[in-house]
Structures are given as C-alpha cells and as structure tokens.
Amino acid sequence: METGKILYCYCGKRKGVLSMNQLRDILPSTLQNLGLAKRYNTESAILHWPEIVGKDIAVHAVPTSVQRGTLLIAVNNSVWCHHLSMMKEEIIYKLNAFIGEKAIIDIRFQAGYLKKDKNTNQDEEKLETINQKLRFIQLDESELQQASDLAKHTAETKLRQKIFKIIKKHLAFKKLKKLNNWHKCATCESLCPKELTYCSVCSLENREVKLSNIRQLLTEAPWLTYAELCKYLECLPEEFIRAKTALTVFLANEINSGRSENLQVLTLVMLVTGAKPEDVTENLTKKTLDKFRRKSYVSTPRI
C-alpha cells in the first residue's frame with residue numbers, strides 16, 4: 001500500500017475518508033480483538049515473500065502454508081533445499097521482522113512438491129471434517145458486513161480477498177465452537193475445547209517458553225540429568241530431550257563454523273557426557289569434539 005493513499009469508508013450514516021495512518025491504527029486493533037492479527041500478518045508475509053527474501057530465492061522457493069508456527073516451503077531442487085536450510089535462521093528473522101512478532105518458529109523445506117505423509121493425511125481428514133461442518137454454519141448479514149468492512153481496508157486485491165475469506169471462516173468457526181461448548185482460553189480470549197485449558201496458539205507459546213527455560217538451565221548446568229532438572233523446572237521427558245538436542249546442535253554448529261568460545265566447547269562436552277566442570281579433561285574434550293566434527297549440522301531441528 002502506498003503511503004498517503006486515501007480510502008473511502010462509511011462511518012455510521014456519514015461518508016468520510018480515512019488516511020493510511022488512521023487505517024493502520026484501526027485495522028490491527030480490530031484484527032487483534034478478533035484473534036486474527038497473527039494470521040493476517042502471516043498471510044501478508046507470504047504474499048510479500050519475494051520482497052522479504054529477494055527475487056533470487058523467490059525464484060527457487062515458494063511458501064505454501066503455515067502450520068502451528070511452521071512455514072512450509074516448496075523448493076525446486078535439493079541443492080537449493082540444502083542451501084536454504086543453512087539460511088533458515090536468517091529467513092525466520094526476516095519474516096518475523098516483517099510480521100512484527102515471533103509468528104514463524106520454524107521452517108520445513110521440501111524439494112519439489114510437499115509429499116504427504118501419514119500425519120499430513122490425518123490432518124487433512126480432520127480439516128475436511130471441520131470444513132464439512134462449517135458448510136452448515138450460516139452467517140447473518142451483520143457478520144458478513146463485518147467481514148467485508150475489515151477486508152476492504154486492505155488495498156491489495158489478492159490479500160483483501162484472502163482476508164475476507166479468513167474472517168468469514170473465523171466467524172463461522174466461532175459459531176461452530178460455541179455449539180460444541182468450547183470455552184475461553186485461560187490466557188487469551190480465543191475459544192478452545194472444554195477438555196483443554198489453553199488454545200493451540202497459547203499452548204504453542206507456553207511450550208516455547210518452557211523449552212527456552214530448559215535450554216537456559218542446561219546452558220548454566222549442562223551436566224543435569226532429566227530427574228535433576230525437574231527439581232528446578234517440571235517438564236516432560238520429550239521436552240527435556242528436544243531442548244537438549246537443540247542446544248547440542250547449536251553448540252556443534254558454532255564449533256564447526258569456528259565461531260565458538262572456550263565456554264561453549266566446555267558446555268558441549270558437559271552436555272553430551274554429563275561430566276561436571278571438575279571432571280572435564282583434555283582427552284574427554286578431544287574425544288567429544290572429534291565425534292561432532294565428523295558430523296554435519298546445518299540446521300536446528302524442530303523443537
């Protein structure tokens with residue numbers, strides 16, 4: 001959208017004008033209240049993919065969808081798939097900088113078309129079931145007008161059409177949830193199933209906070225076992241393993257790239273062997289580093 005462009009809208013019964021600055025104030029807060037701000041920003045980032053990553057990358061890679069904070073990208077060949085995997089953290093940073101928040105947590109690259117695995121098929125079956133139920137949900141005139149009013153503030157035609165569809169689906173889904181006795185999330189205003197305390201977004205954010213806290217504890221005391229760490233922070237075994245694996249890969253990448261410091265080397269040795277600082281020897285350090293230098297760590301795994 002060009003700065004200074006004027007859009008027309010109806011304010012009650014009176015026709016007036018809104019400047020771009022006014023629209024930028026109104027639209028984000030409205031979408032936030034509807035719980036659609038992150039979805040809107042993510043769709044906008046996908047639409048502006050070539051501008052964010054550059055034309056050279058955009059020619060070879062196309063974002064297809066975002067699933068629970070993970071951006072799926074189809075890449076035209078394995079060479080570029082490997083190349084982009086090494087740039088993953090940089091791409092995530094650029095996307096989130098454009099969006100204005102940490103909406104993209106991870107990226108999955110797939111050479112050629114994204115292959116459908118068992119989990120993907122199950123997710124698609126669930127989605128189709130939901131879509132079938134949504135077809136029977138009728139929106140009234142006021143709800144349709146609400147969706148139209150929100151979408152029209154976006155000047156780009158493609159994005160405006162997407163936003164209109166998203167808001168319509170959101171309103172229909174909200175009705176469906178209420179029919180199934182969903183309740184408000186303990187953290188935000190989103191609806192979630194009665195058997196859950198948090199919505200999927202808040203659950204994901206809570207998990208990321210916990211994993212970050214586990215990594216912090218392991219950074220400070222790398223020799224901790226799962227049982228020992230649970231004395232300071234209660235977590236599941238799989239959360240402990242994921243956090244420890246992510247930290248191990250990060251340190252190995254730093255060491256293999258030559259960016260590491262002595263403290264990082266010491267941390268990796270203690271993390272892998274469980275040795276305490278006083279038990280780390282030169283021989284143990286050499287054996288540990290030799291093992292990791294024989295392996296190639298090009299990207300942090302999903303956590």
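Ile163 is found in helix α9 of a predicted model, in which local features need pLDDT of at least 70, side-chain atom pairs count only at pLDDT 80 or more, and totals for chains, interfaces and linings use all residues. Residues are numbered from 1 along each chain as its sequence is written, and side-chain values use heavy atoms, with hydrogens and water left out. Helices (H or I, at least four residues) and strands (E, at least two) are DSSP runs numbered from the N terminus. At 3% relative accessibility, Ile163 counts as buried, where buried means under 20% relative accessible area, exposed over 50%, and partly exposed in between (1.4 Å probe, protein chains only).

Ile163 and Ala147 both belong to the contact between α9 and α8, contact being defined as heavy atoms within 4.5 Å. Two packed helices are described by the angle between their axes and the distance between the axes. Helix α8 (residues 141-151) and helix α9 (residues 157-179) pack at an angle of about 145°, and their axes are 8 Å apart. Axes are lines fitted to C-alpha atoms, for helices over the stretch in contact, and angles run from 0 to 180 degrees between N-to-C directions. The crossing of α8 and α9 is right-handed; a crossing is left-handed if the near helix is turned anticlockwise from the far one by less than a right angle, and right-handed if clockwise. On the α8 side, the contact is made by Glu143, Leu144, Gln146, Ala147, Ser148, Leu150 and Ala151. On the α9 side, the contributors are Arg160, Ile163, Phe164, Ile167, Lys168, Leu171 and Lys175. By class, this contact has 8 nonpolar, 2 polar and 4 charged residues (Ala, Val, Leu, Ile, Met, Phe, Trp, Tyr, Cys and Pro count as nonpolar, Asp, Glu, Lys and Arg as charged, and the others, Gly among them, as polar).

Lys168, also placed in helix α9, is partly exposed, with a relative accessible area of 32%. Leaving aside neighbours within four places in sequence, Lys168 is in contact with Leu139, Leu144 and Ala147. Lys168 and Gln146 are 22 residues apart in sequence, and their C-alpha atoms are 8.9 Å apart.

The largest nonpolar core has 22 residues, of which Trp49, Ile91, Leu95 and Ile107 touch the most other members. A nonpolar core is a set of buried Ala, Val, Leu, Ile, Met, Phe, Trp, Tyr and Cys residues joined through side-chain atoms within 4.5 Å. Two or more residues come from each of α2 (37-47), α3 (49-53), α4 (55-60), β4 (70-75), α5 (78-86), α6 (88-99) and β5 (106-111). Helix α6 gives the most, with 4 residues. A second, separate core of 19 residues includes Ala221, Leu233, Cys235 and Leu251.

Cys81 lies in helix α5 and is buried, with a relative accessible area of 15%. Beyond neighbours within four places in sequence, Cys81 is in contact with Val75, Phe109, Gln110 and Ala111. Glu254, in helix α12 (residues 237-257), counts as buried at 12% relative accessibility. With neighbours within four places again left aside, Glu254 is in contact with Arg259, Ser260 and Gln264.

Overall, the protein has 14 helices and 7 strands, and buried residues make up 35% of its 303 residues.
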